[in-house]
Amino acid sequence: MLGLVTSLICLICGAAYIYLRRRYRYWKNLGIPGPEPRMILGNMKDLYCLKSTEPDMMQEWYTEYRKEPYIGYYNFWKPTLFVLDPELTKAITEVDFNHFTDHPSIITAAETDSALDSLFTMKGLRWKLKRQIFSKLFSPKKLRDLSNILEQHNDTLLKAIDEELKSADEIELMGIFEQHIVKIITSFLYSIDSYHNRERHTKLLQLSDIFARPAGTTTLRFLFFTVFPNLYAKLGLSALPSAFWDYFTHFTHDLLYSRKEVNVEHDDLVALIEKMQKGLVSEKIDHHEAVGHMFTFFVAAQDTTMTTLSHALYQLSLHPEIQEKLRTEIDSVLDGKDSITYDDINQMNYLDDVINETLRMFPLLGVLKRTCTEPYKINDKFTIPKGMDISLPAYSFHTDPEYYPEPEKFLPERFSDAGKAQALFMPFGKGPRTCIGIRFAYISMKTLIAKVVSEYFILPGTKTRNPLQLDTRTFFITVHPIDGLHVKLKKRSNL
């Protein structure tokens, strides 16, 4: 009996080996170059061993195959196309978007993964309809409301900074802004006053921290889920820690129930979800999907805003001449006012350049992903088949000296020529699937940077690291420094 089992195992392993050997000849048979795969992991060894982030891994391929329009690699044993050509990138994301409307699939039928049932992962017509609905969250009126929310919280931010400065003249930017932005997001998305809901604020802050700085096991669990979603579903496993699912399930239920009880009208994310649950807009959604939207809008707004805001202020500490030029613009627009309005923000053009240059050097999405939804002929040599995943190297484009001269330097002025600099600029995605909350992010970041720069001089301190060492355990936003972003702040009124 033991011999039979042994023989069966050997037979299965042998068959798997032969299958993978043939599978790993897919790109060679087409005459398309690419890195040599390893058995089982394909070309993803460094990523799944947490030795490298995906943008860094693909930067090595980008450098090696720089003259190729595209190459092939293997995500485990799945052939994936890596595009290096700017014109082909533009075709995929914009010109011929109808062939590439979807992100790679990571959705399963498992109830524990409702947090992934979101606008980011939806496909085709379902995505298009939901995007039209959620775009109401970022209308001009709502963005003016956001400016009012930011203004209400500005004093709290300054008090928090001043409190930190009582014990030391240096602060860690990401930590202090994480707390502040959670308050802004909960007010904007859920109409929750964090001052009177401290328990909710604390819990959301904890979840934000887990998502932004996950343990290595959390990252591995999510990475493997993206490759084996059906296996996870069958085993009843969750892509993310159960803490997310458990909390946001109850959080969503409580907010929807409280709205019905008090019959209060709000113009926010909860109100939109309530209408969808009643079938008043688009198709009716269930609680499973409602939780997904509540979760993903929160983490998408929180981590992206906090990270870029902190990196921008860190860069200003290293470049006093840029900081002073920006301060001159801010002082000119505010003209002695303490408040910062929506109209003020829209006049701060150099501040836009500072943020864009920060996003160029530290893009939120270092690699963009698309799935081919209709066969797409590139040339006589290759047609992208339906269902193939495609990777686009945002970080590599952003740091290529051919497109951005002296890419290692922080030069906001390069964005004064918007047409040239914007051509391959894609920190929030590109084309119709550009992040729906991009205006939310810019208004939030511009307001907060303007407030800090108008009140403080930002200087490098003893804990300021240059260059930065980024954490390889993160899986969405891959530009988190291992030991944070530290700067020294000096009150302008004290000098």
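This is a predicted model: local features need pLDDT of at least 70, side-chain atom pairs count only at pLDDT 80 or more; totals for chains, interfaces and linings use all residues.
Let's start with the rings. There are 26 aromatic pairs in the structure. Take Y24 and Y74: their ring centres are 5.0 Å apart and the planes sit at 80°, so we call that pair edge-to-face. Y24 is in the loop between α1 and α2, while Y74 is in strand β1, so the pair ties together parts 50 residues apart in sequence. And are those two buried or exposed? Both Y24 and Y74 are buried.

Next up, W27 and F382, another edge-to-face pair, with 5.7 Å centre to centre and 65° between the planes. Here the link runs between distant parts of the chain: W27 belongs to helix α2, F382 to the loop between β5 and β6, and they're 355 residues apart. W27 has 2% relative accessibility, so it counts as buried. F382, at 3%, counts as buried too.

Now, helix α12, residues 242-262. Its 21 residues reach 30 Å from first C-alpha to last, close to the 30 Å expected at 1.5 Å a residue. The buried residues of α12 include F244, W245, Y247, F248 and F251. What do the buried residues of α12 pack against? That would be α8, α9, α13 and α14. Then, just after α12, N263 takes a positive phi of about 55°.

Terms used
Residues are numbered from 1 along each chain as its sequence is written. Side-chain values use heavy atoms; hydrogens and water are left out. Helices (H or I, at least four residues) and strands (E, at least two) are DSSP runs, numbered from the N terminus. The expected span of a helix is 1.5 Å times one less than its number of residues. Buried means under 20% relative accessible area, exposed over 50%, partly exposed in between (1.4 Å probe, protein chains only). Contact means heavy atoms within 4.5 Å. Rings of Phe, Tyr and Trp (its six-membered ring) pair if their centres lie within 6.5 Å; planes under 30 degrees apart count as stacked, over 60 as edge-to-face and the rest as tilted.
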